Amino acid sequence: MPITNQQLSGHMFLRQMYADSYFPDHVVDRGRAILLRLCERIEAQQPSDLEALYALSQAATEEFNSLEAEFEAAGSEIETVAREVIAEDFWFVASAYGFTDADVEELIATRDW
């Protein structure tokens, strides 16, 4: 399902991670796919409030949790820079769908990175 939100359809997710050779592109691609699926889920389910949005974003965060082993296998990790970049993109998604009052820490509350 293509993303219909104009702000997000052209957004380069995880840009800073792609720009840094420490993060292997093939694993960053998987993170980008998680964020795109989050957008698709938001568009399909149209959460009516922050709690519904948080449920979707926290499920996506758990998908990121499972990427940690792949980053480590490739000689990388979800460290400070990656954490900030990922969190910023979660907030960007929430904001683009009108949830400008979303708390970024709640969006990614299930993270273990």
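Reply: Helices here are DSSP runs of H or I with at least four residues, and strands are runs of E with at least two. On that basis the predicted model has six helices and zero strands, and from the N terminus on its elements run α-α-α-α-α-α.

Me: Why is H3 called roughly antiparallel to H4?
Reply: Helix H3 (residues 25–45) and helix H4 (residues 50–73) pack at an angle of about 165 degrees, with their axes 10 Å apart. Angles over 145 degrees count as roughly antiparallel, and therefore H3 is described as roughly antiparallel to H4. The crossing of H3 past H4 is right-handed.

Me: What makes up the contact between H3 and H4, by class of residue?
Reply: On the H3 side the contributors include Val27, Val28, Ile34, Leu35, Leu38 and Ile42, and on the H4 side they include Leu53, Leu56, Phe64, Leu67 and Phe71. Charged residues also take part, among them Arg30, Arg37 and Arg41 of H3 together with Glu63 and Glu70 of H4. By class, the contact has 12 nonpolar, three polar and five charged residues.

Me: How do you know whether the radius of gyration agrees with that of a compact globule?
Reply: The globule rule is 2.2 Å times the number of residues to the power 0.38, which for 113 residues gives a radius near 13 Å, and because the protein has 13 Å, the two agree. Along its principal axes the C-alpha trace spans about 40 × 25 × 20 Å, and buried residues make up 43% of the 113 residues.

Me: Why is Leu14 called buried, and what is its phi?
Reply: Buried means under 20% relative accessible area, and Leu14 has 1%, so Leu14 is counted as buried. Leu14 is found in the loop between helix H1 (6–9) and helix H2 (15–19), and its phi is near 60 degrees, a positive value in a residue other than glycine. Most residues other than glycine have a negative phi.

Me: Why is Gln46 placed in the exposed class?
Reply: The exposed class begins over 50% relative accessible area, and Gln46, at 61%, therefore counts as exposed. Gln46 lies in the loop between H3 and H4, and it has a positive phi of about 45 degrees although it is not a glycine.

Me: Which residues does Glu79 touch, not counting those up to four places away in sequence?
Reply: Glu79, found in the loop between H4 and helix H5 (80–96), touches Tyr22 and Phe23, where contact means heavy atoms within 4.5 Å.

Notes. Residues are numbered from 1 along each chain as its sequence is written. This is a predicted model: local features need pLDDT of at least 70, side-chain atom pairs count only at pLDDT 80 or more; totals for chains, interfaces and linings use all residues. Side-chain values use heavy atoms; hydrogens and water are left out. Axes are lines fitted to C-alpha atoms, for helices over the stretch in contact, and angles run from 0 to 180 degrees between N-to-C directions. Angles under 35 degrees count as roughly parallel, over 145 as roughly antiparallel, 65 to 115 as roughly perpendicular and the rest as oblique. A crossing is left-handed if the near helix is turned anticlockwise from the far one by less than a right angle, and right-handed if clockwise. Buried means under 20% relative accessible area, exposed over 50%, partly exposed in between (1.4 Å probe, protein chains only).
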